[in-house]
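Dear colleague,

Please find below the structure that I am handing over to you.

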Amino acid sequence: MINYEDLTAPVNAFLEDILKGQQAAGDKMPVYLHVGETHDRFNENVVDSYLLGSRRFGHGFQIGFAPKMVQKIVEKDICLECCPVSNRLLGYTPDLRNHPVRFMLNRGLQISVSSDDPCFFGYDGVTLDYLMLVLAWELDMRDLKKLSLNGIDYASIDDTRKEELKNGSFKAAWDAFIAETLQAATE
């Protein structure tokens, strides 16, 4: 579920529909909500999403206002999608060095890198998002690999497909990236 939080109805306005859908589908309807993309400290969408069992939060950077929620999200192993290009262009984080998610990484939160609104901003993929994070957050190779693997580990695909991706195409692409990086460093 996606909405512009500062101008639209909160998650709890859709509570009845979400619960009906979950009840009808059983465990076949995971919840993924676009929440926490706001600086409104009184917005309760992150808490409501947590209570609904959302497995991933699209953004979620607002949880920095609620330190106890951060620990609950870590314990429940919920992933936050970080969308640096979008967050910067929309004015949520003008300087990515101060992006709230950067500090949440050190608190044990699982983070993936997402593009958010690529059609709106006119680009594809997450390369630009990763580039901006590498420069702003001074990420190392271990950080890059963890963020990349989180994109697979917290995807809405079955475990068999996740393992295929991690041990197949991701491993091949990562190994090639490392080889190219090492080659460039020695030239």
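This is a predicted model: local features need pLDDT of at least 70, side-chain atom pairs count only at pLDDT 80 or more; totals for chains, interfaces and linings use all residues.

Two strands count as paired if DSSP finds at least two bridges between them. Helices (H or I, at least four residues) and strands (E, at least two) are DSSP runs, numbered from the N terminus. With those terms in place, G58 stands opposite E81 in β3.

Residues are numbered from 1 along each chain as its sequence is written, and side-chain values use heavy atoms, with hydrogens and water left out.

The sheet

Four strands make up an open sheet with parallel pairing, in the order β1-β2-β3-β4. The edges are taken by β1 (32–35) and β4 (110–113), each of which has a single partner strand, so one side of each lacks a neighbour in the sheet. Neighbouring strands are turned against each other by 30° on average, direction ignored; axes here are lines fitted to C-alpha atoms, for helices over the stretch in contact, and angles run from 0 to 180 degrees between N-to-C directions.

Going through the pairs in turn, β1 is joined to β2 (residues 56–59) by four bridges, in parallel, and V35 stands opposite H59 in β2. Strands β2 and β3 pair in the parallel sense over three bridges. Four bridges also join β3 (residues 79–82) to β4, again in parallel, and the bridge partner of E81 in β4 is S112. Buried means under 20% relative accessible area, exposed means over 50%, and partly exposed lies in between (1.4 Å probe, protein chains only). Strand β4 is likewise covered on both faces, with Q110 and S112 buried on one side and I111 and V113 buried on the other.

Helix α2 and N45

Helix α2 (residues 45–52) lies across β1 and β2 and runs at about 170° to β1. N45 is found in this helix and is buried, because its relative accessible area is 2%. Leaving aside residues up to four places away in sequence, N45 touches E5, P10, V11 and V35, where contact means heavy atoms within 4.5 Å. V35 is also the residue that stands opposite H59 in β2.

Helix α1

L15 is placed in helix α1 (residues 15–25) and is partly exposed, with a relative accessible area of 34%. The C-alpha atoms of L15 and S49 are separated by 9.7 Å, although the two residues are 34 residues apart along the chain.

Salt bridges

How many salt bridges does the structure hold? There are eight salt bridges, the criterion being a side-chain nitrogen of Lys or Arg within 4 Å of a carboxyl oxygen of Asp or Glu.

One of them joins E16 to K20, with the closest N and O atoms 3.2 Å apart. Both residues lie in helix α1, four residues apart, which is about one turn of the helix. E16 is exposed at a relative accessible area of 54%, whereas K20 is partly exposed at 49%.

A further salt bridge is formed between the side chains of K166 and D153 (2.8 Å, N to O). This pair links distant parts of the chain, with K166 in helix α9 (residues 159–167) and D153 in helix α8 (residues 141–153), 13 residues apart. D153 counts as partly exposed, because its relative accessibility is 27%.

K166 also forms a salt bridge with E163, the closest N and O atoms being 3.3 Å apart. E163 and K166 both lie in helix α9, three residues apart, about one turn of the helix. E163 counts as partly exposed, at 40% relative accessibility. Together, D153, E163 and K166 are linked in a network of salt bridges.

A nonpolar surface patch

L128, L131 and L135 form a nonpolar patch on the surface, with about 300 Å² of accessible area together. Patches are made of residues with over 30% relative accessible area and no salt bridge, like charges being joined within 9 Å and nonpolar side chains (Val, Leu, Ile, Met, Phe, Trp, Tyr) within 5 Å. Accessible areas come from the Shrake-Rupley method with a 1.4 Å probe, and for residues only the protein chains shown count as cover. L128 lies in helix α7 (residues 127–137) and counts as partly exposed, at 38% relative accessibility.

With kind regards
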